[in-house]
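Trainee: I would like to go through this structure by question and answer. Please show it first.

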Amino acid sequence: MSRAPMLGRSRLRGDEPARLVEAEGGRVLSREECDEIFRRVTAFARGGGETRVVLSSWWQGELRWARNRVSLSSDRRHDSILVERSIQNGVPGRAVTDQLDDVSLEAAVRAAERASGMGSNMGHGVGFYPELPEYERPAGAIWSDATYGLTTERRGEIARSLIAPAEAKGMLSAGYLEVRAASGTVLGTAFPELRSGRSAFWEEPYQAWTQAQCSLTVRDKTGTGSGWAGLSSFDWTAIDAPALGARALEKCIASQHPVALEPGRYTVILEPQAVADLVEILVKTFSYRETPEGGRGSPWSLGADEAMKLWRSKLGLKVVDSRITISHDTADPALGIVASHTERPGKVTFIDHGVLTALGNRLETAIAGLPGWHSLRGATGYRMSGGKSSIEEMIRTTKRGLVVTRFSNVRLLDGTSILATGLTRDGLWLVENGKITKAVKNFRFTESPLFMLNAIEQLGVPVPVFRPTRKEGGAPTPAIVPPLKVRDFSFTSTIDAI
Amino acid sequence: MPYGTLPTRIYRFGLLAAGAVLLSVPASAQTLFTWPDTTVDIAAYTTVEECQAAVVRSLSYTDSRRDLTTGVWVDTLPLDSLDVQGPRPLSAAVVETARRCGERFSGADTVSLSDFYALFRLYLQAEWDDRARTLVNRRLTAIEDSNSTERAAVLDSVLPVLLARGSRGVGAPRFAMAEDLVNAWAPRVADRVKRLDLYTAVSSFFGTDPDSATTARILRIAQKVGVILDSLTQRDIDELTSATEAFGDGAETGGDFAQRYYALLNAVLGRQTFLDSLRHSTAAYVKLKRDNWAQATGMLPESYRFGAPLGEHAKPIEADIWLGYDPSKGPRPTPGRVSLVVFLDNHECSGVPRVPSRLQGYCARNLVPLRRLQARFPDLEITVVSRTHGHFLYLKDGITPQREAELTKQWLEAYGVNAPLAMTTGDFMQLPDPDSRRFERLSGNDINYSFGKGGEVKNGKAFLIDQDGIVVRVRDNVNRYAVYEDLNELIDILLEREHHLSRVAP
């Protein structure tokens, strides 16, 4: 068998280049490469029918350190080609491969065709169908060359610059630095006669995005103090790594030798990261209005309207403080939201001055029953309104309260009230009569972001926060939130973790 | 010494040799995808449930292969005479699967009765009818004489299986076995209403025209039913009539007792009796139907299936947009013409197709049979009634009511349905922002053609109207069953009457 030609880069062990990042071709599939793979896959198809190919690729460069020493440094990449074949009267059959050579692609096509032949379906294309609508992906800034170009050596230099100050103070630093890029597209051959543009609305034009994140924790060697700082963005230049390092170190020093406090309800000053950690479970519920409007359980279900014989949601009702507005705009350069091409363009306000004004919807719902014809996945990134108060001013105006750096291990307890539990971490301080007086041992909280956003006393200026995407190749969900001072925040027990 | 010491040279030579071997192996000799062995080992199935699962899998596979290998879309084909008789015998492959797996449970005299129901089905699937009969008799014999409730329950569970009702997968119905069982055991059911239920169940048949064997069976049953009916108390009758379903003039068989007794009476009279009455006049036909209904339910004839429009006057169709018809010519249905008014709405069958697999003619099961009706009866006046929704399939941007009507007409014509289209528009409400959902209001056609029952007229519902504007038949769904059910014969008779009247009219 003759050797099949490779696409752009070599995959065999003997031919592997010494430095992966300098391999011929990019680290993620380009638009032209995706088109070429699609052309090859469709050329391999036999038996007629339709072909659909889902192409995605990601590259991730990461560096991890602990106890002031780098423990991991890697560059990883992955390509995924999902081939779907629907042969005449067959059900769609699928096969996935991560190899780009002809032999592998052809094998994937054959496997998909075999699976398609296992079932049957109605006649393809029977009837009349009008021209497919064309959607244009909302413009957005989601690619940064600075992120893509952050080399392994440069990541090492950054890590050293973050470790050195902590080490000089006799502290232990641990952190994680990651840059990633990903691309994806869905291409197909179905119904060419109905298409006016390149992509049918059920496909996805090519897009690529980047994301960077940097976070670190500094602890003292006695294990009583811990400070954390972190930030993520699609653009590496928006992340000031030295400032993060300095803040984490400062918090660590300030949180040493904490004292135990009685759990209970406290006025809390939540730093933006803490606000985002708790509000995240709220914004996730903005996803699909079909749930409450289908009579299924949701925090936004209002109940049945017997007179009109339908299920109502809380759209139009005031749900949180009137100073709160949560919105997103796919074109917002400070956010960097990866959007689908059928997604509603422009600014979408989910909560407008406390009133629930939008929930996500599927494309079918929009076309069949709503004013527009776009889908909305919910708050895949969001900006929350704020005020003018600084954290220092919030402290100054607090008679007795707590300053919280962040929450961790947040778990949902009740879906209707969005009641959640979690832990405070990496810096908790007691405020008395307008001054921070001592570091406090961490608490477990049991609170709902809905209750929290209804008990606001002061708001600060919104800033970007750390919102990493844990899934490999996953799209980011950025957030810009303010610090908040909230009354009657419920802490239910103390914990020993720092 | 050049090239290093001897051990080094041997080591280097070994490396070179290994490299030569590796490089000589074709780099592209990758393992191609091979399908895993999916052969089912029946011998590994040790329980009756597993055998049932194997048979169902075999049945599903056989069905899907039939569609795949023939490429024929069965849903749009007319029924053939075999299909009208109901479920067919199972294929040889399915029977073989049932036999191979059921071999270890084949001793009907000795097998445990704890898996009675599943075993009973398995025997029928294996076409071991004698063993099935032995098993069910064993089961019934094991019940104490005083426990007629359990006896009735057992008969209640085996009869639908024998009659191939609802539960698929046992092949052709076994009417003879069902009748024998009921004759042998129903007299030992103390509850007369329950006994009546069992007898009427056995009187069921497929299609609309019972053959001679079925007619004989029905007549035998009718005698027994008559005896029980005469003995019913007023309380028994109230219990029966309160269970009456009164929605439309749907299937003549199945459902609760009143439906079945009504169907039994119809079958005893014979379909030709009804058709003859229709040849005479629609009023005679309606009277016969209503009188049978009254006898079955004990209610007044005027209450015939409350909400069913049989005998009602059909109102003129309202439309904001007419395509294929000039409304200045007069109302539709046209007085003096036999008409079929069909409510069709592609949004209910196609919805908003979101993936290519949804663009596969999901509405064809209604439209293709309608095309056949149109071709078979050129003198039948067909009108399609629909409404705007603000979109057509996935198309919404820039859509107008006129455009939506034109697209709907194109959709109908793509299936060969050339009937005029009556489209109503503007009958919706929009909830206030931010909810903004759109809800369709009832149109004038919904109100007129629901005949007091309320609610919108569902997609596919068809009304057969005689030349005097009287509703003769309503079908919930214009699908392939509509093509060969009595609808065809009714249309024939009505058209014949129309032609006769046009000949004798001055």
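Trainee: Is Cys101(B) buried or exposed?

Mentor: This is a predicted model, so the values are computed from it. A residue counts as buried under 20% relative accessible area. Cys101(B) has a relative accessibility of 0%, so Cys101(B) is buried.

Trainee: Which residue forms a disulfide with Cys101(B)?

Mentor: A disulfide needs two cysteine sulfur atoms within 2.5 Å. The sulfur of Cys101(B) lies 2.0 Å from that of its partner. The pair links distant parts of the chain, with Cys101(B) in helix 4 of chain B and the partner in helix 2 of chain B, 50 residues apart. The partner, with a relative accessible area of 0%, is also buried: Cys51(B).

Trainee: Is the disulfide of Cys51(B) and Cys101(B) left-handed or right-handed?

Mentor: The handedness is read from the torsion about the S-S bond. That torsion is about -80 degrees, so the disulfide is left-handed.

Trainee: How many disulfides are there over all chains?

Mentor: Besides the pair Cys51(B) and Cys101(B), Cys349(B) and Cys363(B) form a disulfide with sulfur atoms 2.1 Å apart. Cys349(B) and Cys363(B) are both buried, and their link is right-handed, with 95 degrees about the S-S bond. A search of the whole structure gives a total of two.

Trainee: What pattern do the disulfides of chain B follow?

Mentor: The bonded cysteines are counted along the chain. Read in that way, the pattern is 1-2, 3-4.

Trainee: Which cysteine sulfur is nearest to that of Cys214(A)?

Mentor: Cys214(A) is buried, at 0% relative accessibility. A disulfide needs sulfur atoms within 2.5 Å, and the nearest cysteine sulfur is 16 Å away, so Cys214(A) is in no disulfide. That nearest sulfur belongs to Cys252(A).

Trainee: What is the area buried between chain A and chain B?

Mentor: The size of an interface is often given as the accessible area lost when the parts come together. Here 58 residues of chain A are in contact with 44 residues of chain B. Carbon and sulfur atoms give 65% of the buried area, which is about 4600 Å².

Trainee: How many salt bridges are counted between chain A and chain B?

Mentor: A salt bridge needs a side-chain nitrogen of Lys or Arg within 4 Å of a carboxyl oxygen of Asp or Glu. One of them joins Arg312(A) and Asp435(B), at 3.9 Å from N to O. The count between the two chains is four.

Key: Residues are numbered from 1 along each chain as its sequence is written. Chains are lettered from A and ligands numbered from 1 in the order in which they are written. This is a predicted model: local features need pLDDT of at least 70, side-chain atom pairs count only at pLDDT 80 or more; totals for chains, interfaces and linings use all residues. Side-chain values use heavy atoms; hydrogens and water are left out. Contact means heavy atoms within 4.5 Å. Buried area is the accessible area (1.4 Å probe) that two parts lose on being put together, summed over both. Helices (H or I, at least four residues) and strands (E, at least two) are DSSP runs, numbered from the N terminus. Buried means under 20% relative accessible area, exposed over 50%, partly exposed in between (1.4 Å probe, protein chains only).
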